[in-house]
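Welcome! Take a look at it first, and then read on.

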Amino acid sequence: MYTFSSRLKTFSLILMAVGLLGIGYGFYSAPKDIQEVEALLAADSHGSHGESSHTAPAVAHNEHASASSHSEKAEKAGHNVKEDAEHKEHLEHVLHQLSNKPWAAVYVACIFFMLLSLGTLAFYAIQQVAQAGWSPVLFRVMQGITAYLPFGSVIFFIILVLCGLHFNHLFIWLDPEVVAHDKLIQTKSGYLNFPFWIIRAGIFLLGWNAYRYFSRKNCLAQDEADDNSFYKKNFKMSAGFLVFFIVTESIMSWDWIMSIDPHWFSTLFAWYVFASFFVSGITTICMVTLYLKSKGYLEHVNTSHIHDLAKFMFGISVFWTYLWFSQFMLIWYANIPEEVTYFVTRIQEFNLPFFGAVAMNFLFPVLILINTDFKRITWVLVMAGTVILLGHYIDFFNMIMPGTVGDQWFIGIPEIASVLFFLGLFIYVVFTALTKAPLLPKRNPFIEESKHFHY
């Protein structure tokens, strides 16, 4: 039985406390009105913005006033009124972006850790349906990681409800004023409306958590059973879950990520999101397994099991890259304005994180993990796993931030604090769950094969 060390527990609680303080600071420091936004923009440009927007037009107007006719004065006045209205509209737009910043930081970290546990759950279900002989010794690790899913789901659902109650502007299609002036969003309003959207979210989250709960319950019951009835139940349940998962995962990616940019769509997007959190889940399984091994647990897990996990890390990283390139190349080559704007925004305003994610999620893991010997070396896998997890957090950052904060992005206190809070919560929940049951399933039909898995 695993014992949650007081040192790791303290570490996770410190992460959560520091994270909460940073998140609170992010909300406190966000501008509350357009006057604060104007002051911030003026400070950023050393006053040049204020001069160009107000002083220069006013001076120009005064110089021409004495020499202009009455009609010209009226025309100038009308021009200045229009300019002031546009300036105010710009300030309101920036206010929405800056007030979105702490919300978006929390949203990215929350959805990343929640989907990471969901990716682990999908991998676990695949092992059950495939009746894999190598992986049963890792089932308790997978179940421990998926224990985070209920906690992440509740927090995430609350955030979605707050979005619908207009506490933020993460999803512009939830704003009636935006919809009233946007014909394209109006055509999608039968699907993109808050009641239907939140009901879908509730069904998805309940379905995923129901499978997690009953699958673990059957797995524990199998340890005490006299036959394989609970194992067979899990097999059938896992097959049904995978059908449910692939449908709901696709819709989830449209609802919770792609609809942030409601004018843009990609038929590859659901697969792309899946590859990102699936490889993150597998990487987390590897990292937690290596930690437990270093503490003297999981005696039946050997380098062959670790090697297989590393092969999945390598293979799904290549799969993610294939989807990244396919989505990017086809849209870039077609050069259709309403499609290419998605990548233009990211290349122009998110250049470093956009291409940095490719280096972290493809170049680094492929160059490191292509070597078969490296797939069995602990420090190499920890290094590669850390880069992969950070890279896919950046990937979710790239998917969500451009549509919520635009060019006002910065990886600062709210972003780092959000990651620390959810990382601390994740560590606390996962390692607490690992203490609740023996780390080795006793009566899984393939447990002996898994114990003696070598190649």
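Does tryptophan 324 count as buried or exposed? Tryptophan 324 counts as buried, because its relative accessibility is 11%, and the cut-off for buried is under 20%. Please keep in mind that this is a predicted model. The points below start with the whole chain and then visit a few places in it.

**The chain as a whole**

- The secondary structure of the protein chain consists of 17 helices and 0 strands.
- Contacts between residues at least 6 apart in sequence join residues at least 24 apart in 82% of cases.

**Two helices side by side**

- Helix H6 covers residues 148-164 and helix H9 covers residues 194-224; their axes come within 10 Å and cross at roughly 175 degrees.
- Angles over 145 degrees count as roughly antiparallel, and H6 and H9 are therefore roughly antiparallel to each other.
- On the H6 side, the contact is made by Leu149, Pro150, Ser153, Phe157, Leu160, Val161, Cys163 and Gly164.
- On the H9 side, the contact is made by Phe194, Trp197, Ile198, Ala201, Gly202, Leu205, Trp208, Asn209 and Arg212.
- Sorted by type, the residues of this contact between H6 and H9 comprise 12 nonpolar, 4 polar and 1 charged.

**Aromatic rings**

- Across the whole structure, a search finds 53 aromatic pairs.
- One of them joins tryptophan 324 and phenylalanine 354, whose rings are 5.6 Å apart centre to centre, with 45 degrees between the planes, so the pair is tilted.
- This pair links distant parts of the chain, 30 residues apart: tryptophan 324 lies in helix H12 (residues 303-334) and phenylalanine 354 in helix H14 (residues 351-369).
- Phenylalanine 354 counts as buried, because its relative accessibility is 4%.
- Phenylalanine 354 also forms an edge-to-face pair with phenylalanine 343, at 6.0 Å centre to centre and with 65 degrees between the planes.
- Elsewhere, one aromatic cluster is formed by residues including Phe123, Trp134, Tyr211, Phe241, Trp271, Phe312 and Tyr455.

**A charge over rings**

- Which ring does the charged end of arginine 200 sit over at 3.8 Å from the centre? That ring belongs to tyrosine 191.
- Arginine 200 also lies over the face of phenylalanine 196, at 4.3 Å from the ring centre.

**A look at serine 253**

- Serine 253 is found in helix H10, which runs over residues 229-256.
- With a relative accessible area of 0%, serine 253 is buried.
- Leaving aside residues up to four places away in sequence, serine 253 touches Met258, Phe269, Ala270 and Val273.
- Between serine 253 and lysine 88 there are 165 residues in sequence and 34 Å in space, C-alpha to C-alpha.

Methods. Residues are numbered from 1 along each chain as its sequence is written. This is a predicted model: local features need pLDDT of at least 70, side-chain atom pairs count only at pLDDT 80 or more; totals for chains, interfaces and linings use all residues. Side-chain values use heavy atoms; hydrogens and water are left out. Axes are lines fitted to C-alpha atoms, for helices over the stretch in contact, and angles run from 0 to 180 degrees between N-to-C directions. Helices (H or I, at least four residues) and strands (E, at least two) are DSSP runs, numbered from the N terminus. Angles under 35 degrees count as roughly parallel, over 145 as roughly antiparallel, 65 to 115 as roughly perpendicular and the rest as oblique. Contact means heavy atoms within 4.5 Å. Ala, Val, Leu, Ile, Met, Phe, Trp, Tyr, Cys and Pro count as nonpolar, Asp, Glu, Lys and Arg as charged, and the others, Gly among them, as polar. Rings of Phe, Tyr and Trp (its six-membered ring) pair if their centres lie within 6.5 Å; planes under 30 degrees apart count as stacked, over 60 as edge-to-face and the rest as tilted. Buried means under 20% relative accessible area, exposed over 50%, partly exposed in between (1.4 Å probe, protein chains only). A charge sits over a ring if NZ of Lys or CZ of Arg is within 6 Å of the ring centre and within 35 degrees of the ring normal.
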